[in-house]
Structures are given as structure tokens and as C-alpha cells.
Amino acid sequence: MLKKLHIYKDGSFSKAVIFVFIPLSIFIISSCSSNEKEVKQVIFKVELQKEHKKLSVKYLGEVTSGKSYAFLMTPAMTEAEKNKAFKKTEKGNPWLDRPHLKQDSILVSAFEKLGIIKNYEIRLDKFICQNDSIISFIDNLGNKLFLKYYYNTISQHLHFKLSNSMDTIDVDTQSSPTQNLDYAFIDVIPGGNKELVFLDDWHISNNDRFHFKVYQIESIQ
């Protein structure tokens, strides 16, 4: 299992001013003998504040894999055989779920190009994770962003906050505190910022689960 994940924030905003011209027609009726109507149009210039630059976090999906220890329940195996198989599986890498569908996944194809997935196997040694609970980084627009990871007592899940001095986005990873959650910034989708990738791993019912969760981070002007 890998180390537990951490948190960092990030953010940026810009201000702009737009001018909206609101035509307001005021009709003034004179009481002259000709009973002519004089129409005067008054134009007001209204100064409004453009919406600040905001942050965007988009969940792109996940790549799931695991290691099974179901052989421990096989009566035909001796204890020595089970111990040998257990050690081999424990030290080995997890395998991609439903590998026959792997070509249908854009994320799986991207991880293959990065060398993280090879021949249906998840190469955990290629995933260089970080473990700081609060970090900062510069986005592709030159803005400083902050990321912070924390346990939310209300949802009872691990969350992360992405923020700058004026805006904050809180994201529920749907992971419980009993799960390990490591992260790295990887250029999964070329262009823009590197994607925030979590490796969520935990043990359940003779299985070690390893799920990559991919988030796209953007600063919107």
C-alpha cells in the first residue's frame, strides 16, 4: 500500500470593467399651442464589475485495478503453496480490471502512453506520488494555486480544496479515511495544466484495490 494522500490549494482571479449603455426614453409633453411632443433621450452609463476569474475542477473518471488473494480459499492448495502464492501476489503489481475493454478507455490509453500501464499491469513504480497535505503550484496562466487535503467530519470522506486568494472549490473524493490516498500531477490529457491523479488503494475481501482517479484543473478567465 502506498502512503496516504495530502492537500493543496490554488486560485486566481482577474477584474475587468464593462460599460452597459441603457437607453432610457423620457417623454416630456409640452403645453405649447401646437401641442407638439418633444422626446428627449437620456443615456446612462452604468459601470459593472466583471465576474472574477474562477477555478474549475472536473472529474474525468477512473482506472480500476486490483490484486486477488482468492487462491487462499482453494482447498486443493497446500499451506506452503498458498504462502508462496501470497508473497508473489503481495510483491507484484495490480492488474487492470476488465482488460478486454481497456481500448475503450481514453484514460487507460493515456496511462499506457505514460508507461504506467503495460500489458494490463499497473506499474506502481512509475507513479511518483506526493505526500504533503498542503502544496502550491503555478498553473499554465501563471497563477499560484493551493491544494489542501483533509478529512471532512460531515461526509466522513477525504476531501481536497483547491483555492486562491478569492475562490475555493471543495471536492469530495468519496474515499474513507481507512483508505490510502496518494496523488501526483501527471499530464494525462495534453495541453493546459497537468491533471491531479489520486491513487486510491485499500483492502477488501481478499482483494487489494488500486483505483486511479483523474481530475482536470483549470483557471477560467
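Colleague: Before we start, what should I keep in mind about the model and its numbering?

Modeller: It's a predicted model, where local features need pLDDT of at least 70, side-chain atom pairs count only at pLDDT 80 or more, and totals for chains, interfaces and linings use all residues. Residues are numbered from 1 along each chain as its sequence is written, and side-chain values use heavy atoms, with hydrogens and water left out.

Colleague: How many salt bridges does the structure hold?

Modeller: The general idea first: side chains of opposite charge can pair when their charged atoms come close. Here a salt bridge is a side-chain nitrogen of Lys or Arg within 4 Å of a carboxyl oxygen of Asp or Glu. The structure holds four. One of them joins lysine 82 to glutamate 79, at 4.0 Å from N to O.

Colleague: Where do lysine 82 and glutamate 79 lie?

Modeller: Helices (H or I, at least four residues) and strands (E, at least two) are DSSP runs, numbered from the N terminus. Both residues sit in helix 1 (residues 79–91), three residues apart, about one turn of the helix.

Colleague: And is lysine 82 buried or exposed?

Modeller: Buried means under 20% relative accessible area, exposed over 50%, and partly exposed in between (1.4 Å probe, protein chains only). Lysine 82 has 11%, so it counts as buried, while glutamate 79 is exposed at 54%.

Colleague: What else does lysine 82 touch, leaving out residues up to four places away in sequence?

Modeller: Contact means heavy atoms within 4.5 Å. On that basis lysine 82 touches Phe71, Leu72, Thr74 and Met77. Its side chain also reaches the backbone oxygen of leucine 72, at 3.0 Å.

Colleague: Which residue pairs with aspartate 97 in a salt bridge?

Modeller: That's arginine 209, with the closest N and O atoms 2.4 Å apart. Aspartate 97 is in the loop between strand 5 (95–96) and helix 2 (106–113) and arginine 209 is in strand 14 (residues 207–220), so the pair ties together parts 112 residues apart in sequence. Aspartate 97 is partly exposed at 26%, whereas arginine 209 is buried at 16%.

Colleague: What about aspartate 200 and its salt bridge?

Modeller: Aspartate 200 pairs with lysine 213, the closest N and O atoms being 3.5 Å apart. Aspartate 200 belongs to strand 13 (residues 195–204) and lysine 213 to strand 14, 13 residues apart. Both of these residues are buried. Strand 13 also holds phenylalanine 198, which is buried at 0% relative accessibility.

Key
Polar contact = N/O pair within 3.5 Å; in protein donor to acceptor, adjacent residues only side chain to side chain.
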